[in-house]
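Good morning. Please have the sequence and the structure open while I talk.

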Amino acid sequence: INATPQDSQAYTARATNKVGSVDGKVNLNVKEVKPTLKNDLEPQTINVGDELVYRLLVDGRPTPTVKFYKDGNEIGPVTIEQSSTPGDSVVTAILRVPQAATTDQGEYQASVENSAGVVKTKKVKVTVQQLPVFLQTPQDVSVSQGKEATFEAQLSAFPTPKVTWLLNGKPLTANVDCSITFDNATQKATLTLRKIDVDKHSGTITCQAENVAGKVTHDAKLNVFTGPKILKGLKDESIIEGQDITLTIESSGQPAPTAQWYFNDKPIAVNDQHYEIIVAKEGHAYELKIKQAKAEDEGAYKVVLTNTEGESTSQANLNVHVVPVIKSLPAKIDGVQGQQIIISCQITGRPKPEIIFLKDKKDVMTLEDKARYQIEYNEQTGDVRLIISDAKEEDQGKYTVRAKNAAQTVEEQTVVNVSA
């Protein structure tokens, strides 16, 4: 029985059977017992949203009243749980805060009181911390070369976080071209980079917030706009007629430049089937493919790269080599001793072919009597003549006409007969 002082008085016990009854008297004196603590409060560190719970085991007669205080102010509610053991006067006083907030941080103490006295717990500190969270994350920024870029972040954290800004993984420090601010009251973080340079600043900006509860980060991209820059320009090319050739240029620039190709200063249409225009690939390469080049494709090719920040130009010449062709060479030529013999034909080709006449596989211009040989070449008509003066019997034989240029070397043969 959980007796109280009010139960103090004389009590009579009576036993009865068929024969009779008998009484016994006893005086009950229930003394008051000052409260005692079976445990004490301990400091706690919890995160925002966690449950804050204190369980205090107390004893005393009569059953004590338990009050909890935060920073000297009474708080509650306090729940009392009785012991499940019969005759056990110890009770458990419970203070429960289901979802702790930063306002629940402070100094906690409990007071246990009954008519016999008062006992207090020690004062303990409850720390309520909040892992940093981004209420507003830094956003991607695109800016022209030489301008400035600003990144902002709005945080919520307790205690106040330490904010670090990083560029491509390396921490930034404040200087004349790098402004870093943090408002402790609003927890707003700002980064401003001045005199933006594509090589120095392009990449990933990271905002890192850290306190005792933990660390969070958020990335944003810094895109630096620059005018087109030729990394590898067009170069003069030579090709044999009928072959394909691709002109290539490599450049940098942000945003990615667009390319306009020109032939002899006339724009090349994207739907011109003679060409294939290849849009910028990874690595900023631009290509113009000329299909089955013809002689008339020889000339100056130019590409103009343009974006919002400017333009850049590269130009080169294309030479189309045409294989030499020997035409109109008679299979046999008859001559008379002492007279002039003419071996004539027509030769075309680009560039202008080098023309050699051979007699029995020897260059006629290297023979002992080479003075009797003369080569005439009309570049406009392509007419070619080998004039042999004062023909002799030894001039009779097989003659080869050889035409050679950068495209190819070709030969044709004729037979000269000399009669008396």
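This is a predicted model: local features need pLDDT of at least 70, side-chain atom pairs count only at pLDDT 80 or more; totals for chains, interfaces and linings use all residues.

Residues are numbered from 1 along each chain as its sequence is written, and side-chain values use heavy atoms, with hydrogens and water left out.

Start with the domains, whose bounds come from an automatic or database domain assignment. That assignment gives domain 1 (35-130), domain 2 (131-225), domain 3 (233-322) and domain 4 (328-418). The centres of domain 2 and domain 3, taken over C-alpha atoms, are 42 Å apart.

Now a sheet. Strands here are DSSP runs (E, at least two residues), numbered from the N terminus, and two strands pair if DSSP finds at least two bridges between them. Four strands form an open sheet in the order 3-5-9-8, with antiparallel pairing. At its edges are strand 3 (33-37) and strand 8 (78-82), each pairing on one side only. From one strand to the next, the twist averages 30°, where axes are lines fitted to C-alpha atoms and angles run from 0 to 180 degrees between N-to-C directions. Seven bridges link strand 5 (residues 52-61) and strand 9 (residues 91-97) in the antiparallel sense. Val 58 has Val 91 in strand 9 as its bridge partner.

Next, burial. Buried means under 20% relative accessible area, exposed over 50%, and partly exposed in between (1.4 Å probe, protein chains only). A nonpolar core is a set of buried Ala, Val, Leu, Ile, Met, Phe, Trp, Tyr and Cys residues joined through side-chain atoms within 4.5 Å. The largest one has 22 residues, and Phe 151, Trp 165, Ile 205 and Leu 222 have the most contacts inside it. Among the elements that give two or more residues to this core are strand 14 (149-158), strand 19 (203-211) and strand 20. Another core, of 21 residues, lies apart from it and includes Phe 357 and Val 418.

Which residues form the covered face of strand 22? They are Ile 245, Leu 247, Ile 249, Ser 251 and Gly 253, while Thr 246, Thr 248, Glu 250, Ser 252 and Gln 254 form the uncovered one. In a regular strand, side chains alternate between the two faces of the sheet. Strand 22 pairs with strand 20 in the antiparallel sense over four bridges, and Ile 230 stands opposite Ser 251. Strand 22 also runs antiparallel to strand 26 (residues 285-290), joined by six bridges. There, Leu 247 has Leu 288 as its bridge partner.

Now the single residues. Is Thr 226 buried or exposed? Thr 226 counts as buried because its relative accessibility is 13%. Thr 226 lies in strand 20 (residues 214-232). Leaving out residues up to four places away in sequence, its contacts (heavy atoms within 4.5 Å) include Gln 145, Gly 253 and Glu 309.

Asn 114 is in strand 10 (residues 106-114) and, at 10% relative accessibility, counts as buried. Its side chain reaches the backbone oxygen of Val 33 at 2.9 Å and that of Pro 62 at 2.8 Å.

Last, Ala 406 is in the loop between strand 35 (397-404) and strand 36 (409-419). Ala 406 is exposed because its relative accessible area is 55%. The C-alpha atoms of Ala 406 and Ser 238 are separated by 9.2 Å, although the two are 168 residues apart along the chain.

Terms used. A polar contact is a pair of N or O atoms within 3.5 Å; within protein, one must be able to donate a hydrogen and the other to accept it, and residues adjacent in sequence count only if both atoms are side-chain atoms.
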